[in-house]
Amino acid sequence: MSLTIKVLIGMLLGILVGLAINVGGPLANYFFDSTAFSNFTQVYLVDGLFHTIGKMFINALKMLVVPLVFFSLISGVCGIGDLKALGRVGSKSFALYMLTTAVAIASAIAVAAIVGIGEGMALPAAADFSAATAPPLSSVLIDIIPSNPIKAMANGDMLPIIFFAILTGISILMVGKKAASLIEGIEVANEVMMKMVSIVMAAAPYAVFALIAKSMAELGLDLLGQLAGYVLVLVGVLLLHLFVTLMLVLKVFSGLSPALFLKKIRSAQLFAFSTASSNATIPVTLRTVTECMGVNNSIASFTVPFGATINMDGTAIMQGVATVFIANIYGVDLGITGYLTVIMMSVLASIGTAGVPGVGLIMLSMVFAQVGLPVEGIGLILGVDRLMDMVRTAVNVSGDAVVSTIVAKSEGKLDIAVFQDPQAGIVHGAEDLHMKS
Ligand code: ASP
């Protein structure tokens with residue numbers, strides 16, 4: 001049985017157990033007139049076992065991110081070998097990331113406006129939500145250069161780490177022959193980190209069960225009913241983007257088979273869904289695009305962490321749908337300029353913010369503050385946001401993989417034989433972790 005199937009089973013069991021806890025607690029309270037059952041499930045299962053296992057797993061994934069990105073990016077730069085090609089890869093991926101994000105949010109606004117989501121809905125009581133201010137462009141630019149690379153690594157700040165790693169790679173290339181043993185050492189370190197990714201991934205079926213069970217147990221089902229319109233439109237546009245827009249982009253720019261791509265991307269999507277973090281999923285995305293899709297590490301080592309930070313199609317879609325939804329509920333007419341501002345703000349905001357859980361809401365509050373929508377309106381969608389975060393993160397990560405594949409193909413750095421082999425890179429779990437003598 002492949003790991004993806006095992007993770008899927010863990011996920012389904014997690015949904016069932018989580019929902020049973022969510023629904024069973026209040027039922028047991030009602031029938032037995034005692035809170036013993038719900039206290040037990042909350043304290044020992046949800047906040048105890050599930051929380052601990054889930055957090056341990058997320059920590060394990062995050063543990064891999066910085067050393068993996070650092071070593072793979074340096075060996076990637078050395079693999080590309082010339083600055084011109086590096087510049088080309090950088091500008092192509094940046095352009096594609098911005099383009100897909102802009103299309104994502106524009107289509108989200110269009111669909112939500114056509115459906116008229118939130119129109120005629122009475123203003124429900126909203127939870128508290130305070131606005132964040134958008135960082136000025138100057139500070140986004142300044143922060144790309146780390147004043148202290150160790151601090152950037154300690155904080156897991158992706159853009160400065162990418163910057164430092166690329167510069168290290170370029171300097172190694174410039175030193176030339178003398179640095180050959182260093183390159184070799186870094187390539188080995190990269191391989192070691194990839195091995196560590198497989199070790200951590202082997203634990204995924206159990207961890208994913210715990211993560212999903214916890215989210216489902218905490219999700220207010222009644223809230224889901226109230227916000228059904230928002231959830232349906234949002235998930236609809238997310239799926240449309242994944243299956244139509246992104247696959248069209250893949251086909252047009254690379255000529256590769258969308259069906260094969262969708263099959264291969266599944267494990268990265270499952271990890272993204274379970275962790276709700278593009279950053280924590282970097283190790284799995286990197287492994288998926290290199291080993292299952294045949295993207296050369298020299299491209300993937302750059303495009304994947306770069307995409308996890310600056311490319312958020314799913315998050316942009318959430319912002320588009322939420323903007324129309326809340327504008328309609330509050331009876332605010334944003335007009336064409338308002339919506340254009342939303343599109344621009346979302347694209348820019350996605351550059352400066354990292355792919356971590358819940359960051360989409362913070363970006364949304366920046367957008368609202370900019371176009372003058374009431375920020376407390378965000379409180380309305382807060383209750384379902386964790387679930388929506390999971391879905392949109394899966395779309396974010398898929399976008400990163402699409403662009404990585406296109407850029408690799410255009411640079412002649414895609415191993416077509418690997419891409420076309422449906423079995424390439426499939427992990428089966430612990431039995432794959434044999435020792436090499
Ligand atoms: N969780 C998302 C990500 O990591 C960001 C967000 O939409 O909140 O990509």
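To speak of an angle between helices, we use axes, which are lines fitted to C-alpha atoms over the stretch in contact, and the angle between their N-to-C directions runs from 0 to 180 degrees. In this predicted model, the axes of helix H15 (residues 313–329) and helix H17 (residues 359–371) come within 10 Å and cross at roughly 50°. H15 and H17 are therefore oblique to each other, and H15 passes H17 in a right-handed crossing. On the H15 side, the residues in contact are Thr315, Met318, Gln319, Ala322, Thr323 and Ile326, and they meet Gly360, Leu361, Met363, Leu364, Val367 and Phe368 of H17. Sorted by class, this contact of H15 with H17 holds eight nonpolar, four polar and no charged residues.

Charged residues come into view with the salt bridges. Side chains of opposite charge can pair when their charged atoms come close. The count for this model comes to six salt bridges, including those in the table.

| Salt bridge | N to O distance |
|---|---|
| lysine 214 and glutamate 218 | 3.3 Å |
| arginine 287 and glutamate 291 | 3.2 Å |
| arginine 392 and aspartate 389 | 3.5 Å |

Lysine 214 and glutamate 218 stand four residues apart in helix H8 (residues 204–218), so about one helical turn separates them. In helix H13 (residues 278–292), arginine 287 and glutamate 291 are likewise four residues apart, or about one helical turn; arginine 287 is buried, with a relative accessible area of 7%, whereas glutamate 291 is partly exposed at 35%. In helix H18 (residues 382–410), arginine 392 and aspartate 389 are three residues apart, and arginine 392 is buried at 1%, while aspartate 389 is buried at 4%. Elsewhere, salt bridges that share partners join Arg88, Lys92 and Glu411 into one network.

Notes
Residues numbered from 1 in each chain as written. Predicted model: local features only at pLDDT ≥ 70, side-chain atom pairs only at ≥ 80, totals over all residues. Heavy atoms only, no water. Helix = DSSP H or I, 4+ residues; strand = E, 2+ residues; numbered from the N terminus. Parallel < 35°, antiparallel > 145°, perpendicular 65-115°, else oblique. Left-handed = near helix turned anticlockwise from the far one by under 90°. Contact = heavy atoms within 4.5 Å. Nonpolar A, V, L, I, M, F, W, Y, C, P; charged D, E, K, R; others polar. Salt bridge = Lys/Arg side-chain N within 4 Å of Asp/Glu carboxyl O. Buried < 20%, exposed > 50% of the residue type's maximum accessible area, 1.4 Å probe, protein only.
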